[in-house]
Amino acid sequence: MNKKVSKGVLFDLDGVLIDSEGIYTQFWEAVDQCYPTGVKDFAKVIKGSNLHNILHTYFPTDELRHKVNEMLDNFQREMRYEYFPGTIELLEELHRNGIKCCVVTSSDHSKMDALYCQKPNFPSHFSAIVTGNMVSEPKPSPECFLLGAEKLGLDINDCVVIEDSINGLKAGMASGARVIGLTTTCTHKMIAPYCHLIAKDIAHLTTDLILTV
């Protein structure tokens, strides 16, 4: 079997690099209690979607969107952004091996500013960062990953996507990249149809493993 050597890795943020998916699930469950959407498992359904899409799809008035956005801003300013164990070690290993890295997240500038405030060195680990504000279509559209590959100066076929949400995995597969799914948010069975390789979390990944996907 031929090995596919990739030159770039496109990382999702929450649930992949930052251990925050559970916290966000609790937040959106609280929002749904305050302003019911009528959507079953709302907090799970929206995983991988950007804020603009969430607000305009599920909250029909400007007043309601403003209230939810205000709740989110307050929440993100106060939350702690913690790396998953093994995150920095893998990023440094990829850098030593000449592998370009890009964050591809649905998060907006406000969220990223809060992250940078707590972790000023975060951007230094990446050749590029794509946020939800930079694309017109949210995941599961592949637009964000195609843009990430472009920013790295690579063909998407030379990239590996690392994701945890169903929408994110679908976006990675649709982009043409090779896709690694992490079971930090969804079960092995749930993500199996949407990726080429499954790992428990980022600590279980190495450069060699990523390059053989």
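Me: What should I know about the numbering and the kind of model before I start?
Reply: Residues are numbered from 1 along each chain as its sequence is written, and side-chain values use heavy atoms, with hydrogens and water left out. This is a predicted model, in which local features need pLDDT of at least 70 and side-chain atom pairs count only at pLDDT 80 or more, while totals for chains, interfaces and linings use all residues.

Me: In what order do the six strands of the open sheet stand?
Reply: Strands here are DSSP runs of E with at least two residues, and helices are runs of H or I with at least four, both numbered from the N terminus. Two strands pair if DSSP finds at least two bridges between them. The edge strands, each pairing on one side only, are β3 and β6 (197–199). With parallel pairing, the order of the open sheet is β3-β2-β1-β4-β5-β6.

Me: What is the average twist from one strand to the next?
Reply: Angles run from 0 to 180 degrees between N-to-C directions, and the axes are lines fitted to C-alpha atoms, for helices over the stretch in contact. From one strand to the next, the twist averages 20°.

Me: Which residue in β2 is the bridge partner of V9?
Reply: Strand β1 (residues 8–11) runs parallel to β2, and four bridges join the two. On the β2 side, the bridge partner of V9 is C101.

Me: Which residue in β3 stands opposite V103?
Reply: β2 and strand β3 (residues 128–130) pair in the parallel sense over three bridges. In β3, the residue opposite V103 is I129.

Me: How many of the five residues of strand β2 are buried?
Reply: Buried means under 20% relative accessible area, exposed means over 50%, and partly exposed lies in between, using a 1.4 Å probe and protein chains only. Strand β2 (residues 100–104) is mostly covered, and its count of buried residues is four.

Me: Which helix makes a β-α-β unit with β2 and β3?
Reply: A crossover is right-handed if, with the strands pointing away from the viewer, the path from the first strand over the helix to the second runs clockwise. The unit that β2 and β3 make is right-handed, and its helix, residues 109–118, is α6.

Me: At what angle does α7 run to β2?
Reply: Helix α5 (residues 87–96) lies across β1 and β2 and runs at about 155° to β1. Helix α7 lies across β1, β2, β3 and β4, and its angle to β2 is about 145°.

Me: How far apart are the axes of α3 and α4?
Reply: Two packed helices are described by the angle between their axes and the distance between the axes. Helix α3 (residues 51–58) and helix α4 (residues 62–78) pack at an angle of about 145°, and the distance between their axes is 10 Å.

Me: How many residues of the contact of α3 with α4 are nonpolar?
Reply: Contact means heavy atoms within 4.5 Å, and here L51, L55 and H56 in α3 meet R65, V68, N69 and L72 in α4. Ala, Val, Leu, Ile, Met, Phe, Trp, Tyr, Cys and Pro count as nonpolar, Asp, Glu, Lys and Arg as charged, and the others, Gly among them, as polar. The contact has two polar residues and one charged residue, and the number of nonpolar ones is four.

Me: Which residue with a positive phi follows α8?
Reply: In helix α8 (residues 166–175), the buried residues are N167, G168, L169, A171, G172 and S175. Among the elements that cover them are α7 (143–152) and β4 (159–163). With phi near 100°, the residue that follows α8 is G176.

Me: Is D12 buried or exposed?
Reply: D12 is found in the loop between β1 and α1 (21–34). Leaving aside neighbours within four places in sequence, D12 is in contact with residues including L17, V104 and K139. Because its relative accessibility is 7%, D12 counts as buried.

Me: What is the C-alpha separation of V16 and T185?
Reply: V16 lies in the loop between β1 and α1, and V16 is buried because its relative accessible area is 0%. Although V16 and T185 are 169 residues apart along the chain, their C-alpha atoms are separated by 9.0 Å.

Me: Which residue does a cis peptide bond join to K139?
Reply: The bond has an omega of about 20°.
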